Amino acid sequence: MVKMVDKSTDTMKLENENTKLPHHLILAVGGQRLTEPPKIDSPESWAKYIELAIKSPLIYGTLLTLASMIHSQKWDIKGNKEEELKKLFHESAFEDWKFELFLELLLIGNSFVEFVTPPGGRKLEKLVKIEDPTTIDIKKEGFKYALDEYGQPLAYVQETETETIEIPRERLAHLKLFRWPARVFGVGLVEPVYLYEKARIEVISNITRFAERLNRPLFTIVAKQPISEMGGLSASEIEQIRNELKKLSVSGALFLGAPFEIQNISGTFSSA
């Protein structure tokens, strides 16, 4: 017999009634742990967050509403080099991609803006938002990210269909919605609720599919004369007809010839 034994206010240990297990299973019971995002610290996970946001009206509508509210707020630049920076943002068409930047931050928690300088020069000419953030990753050394002593990336890489481009970190602004300890990428609003919302959509889909099956009319197809007496039908053709009838689904269609008729149409799930 296995039972749960409360050892402290923060953790529980799984113990056997007679002998302790050699390796206890520690379970967190603190409420704050429930909202901890999954330990997926890689752009490889972003595509599935984007896919879920598109499929979920709840998430999609929430993100669009929040991004629109932020985008509609007035903003200004004050301080040193005010006019120079205003000109830079204007020439970079910041207003054209500002909404996309906010939406990306809310969705995947990350967005990237490249600093464009002339060849051989150092003066900043333009700001360019990376069109597809899923193409950006941090440079790796082996299987680990290449970070400095402060945990900052040494460089970034962009994967295209034809090549891999290395981007020095001085040329790329990595924007994050939320920062999580020990993670190099930001956390958006979709990641913490991903598993719950994905399960919710799957449950709704399964219930809908189940209801569709129950909602089909039930009927009996009978021959006006014994099938064996029907001229021109071999035993293999008769068996083929039986098999096709078994595979008939809610989305299928059935065409009956003169020797057949439908009897005993029953009620449906919706009329019960």
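Reader: How do you know how far to trust this one, and what does pLDDT average over the protein?

Author: This is a predicted model, and the protein averages a pLDDT of 75, with 69% of the residues scoring at least 70.

Reader: What makes up the fold, in terms of helices and strands?

Author: There are six helices and 13 strands. Of the 272 residues, 24% are buried. Take the contacts between residues at least 6 apart in sequence: 57% of them join residues at least 24 apart. The accessible surface is about 19,300 Å², and carbon and sulfur atoms own 57% of that.

Reader: OK, aromatics. How many aromatic pairs does the structure hold, and why is the one between Y49 and Y194 called edge-to-face?

Author: Nine pairs in total. For Y49 and Y194, the ring centres sit 5.4 Å apart with the planes at 70°. A pair needs centres within 6.5 Å, and planes over 60 degrees apart count as edge-to-face, so Y49 and Y194 pass on both counts and the pair is edge-to-face.

Reader: What makes that pair a link between parts apart in sequence?

Author: Y49 belongs to helix α1 (residues 46-55) and Y194 to helix α5 (residues 194-214), so the contact ties together parts that are 145 residues apart in sequence. Both Y49 and Y194 are buried, too.

Reader: And F112 with Y156: what makes that an aromatic pair?

Author: Here it's 6.1 Å centre to centre with 70° between the planes. The distance cut-off is 6.5 Å and the edge-to-face angle is over 60 degrees, so F112 and Y156 also make an edge-to-face pair. F112 is in strand β4 (residues 110-116) and Y156 in strand β9 (residues 155-159), which puts them 44 residues apart and links distant parts of the chain.

Reader: How do you know whether F112 and Y156 are buried or exposed?

Author: Buried means under 20% relative accessible area. F112 has 0%, so F112 is buried. Y156 has 4%, so Y156 is buried as well. Both rings also turn up in a cluster that ring pairs build from W46, F112, Y145, Y156 and F185.

Reader: β9 takes part in a sheet, then. Which strands form that sheet, and why do β6 and β10 count as edges?

Author: The sheet is open, with three strands in the order β6-β9-β10 and antiparallel pairing. β6 (136-138) and β10 (164-168) each have a single partner strand, so one side of each is left without a neighbour in the sheet. The twist averages 30° from one strand to the next.

Reader: How do you know that β6 and β9 pair?

Author: Pairing takes at least two bridges; β6 and β9 have three, in the antiparallel sense, so they qualify. As for residues, I136 has Q158 in β9 as its bridge partner.

Reader: Which sheet holds β4, and what makes β4 and β5 partners?

Author: β4 sits in an open sheet of three strands, order β5-β4-β11, with antiparallel pairing. β5 (126-129) and β11 (172-176) are the edges: each has a single partner strand, so one side of each lacks a neighbour in the sheet. Neighbouring strands are turned by 25° against each other on average, direction ignored. β4 and β5 share four bridges where at least two are needed, so they pair, in the antiparallel sense.

Key
Residues are numbered from 1 along each chain as its sequence is written. This is a predicted model: local features need pLDDT of at least 70, side-chain atom pairs count only at pLDDT 80 or more; totals for chains, interfaces and linings use all residues. Side-chain values use heavy atoms; hydrogens and water are left out. Rings of Phe, Tyr and Trp (its six-membered ring) pair if their centres lie within 6.5 Å; planes under 30 degrees apart count as stacked, over 60 as edge-to-face and the rest as tilted. Helices (H or I, at least four residues) and strands (E, at least two) are DSSP runs, numbered from the N terminus. Buried means under 20% relative accessible area, exposed over 50%, partly exposed in between (1.4 Å probe, protein chains only). pLDDT is the predictor's confidence in each residue, from 0 to 100. Contact means heavy atoms within 4.5 Å. Accessible areas come from the Shrake-Rupley method with a 1.4 Å probe; for residues, only the protein chains shown count as cover. Axes are lines fitted to C-alpha atoms, for helices over the stretch in contact, and angles run from 0 to 180 degrees between N-to-C directions.
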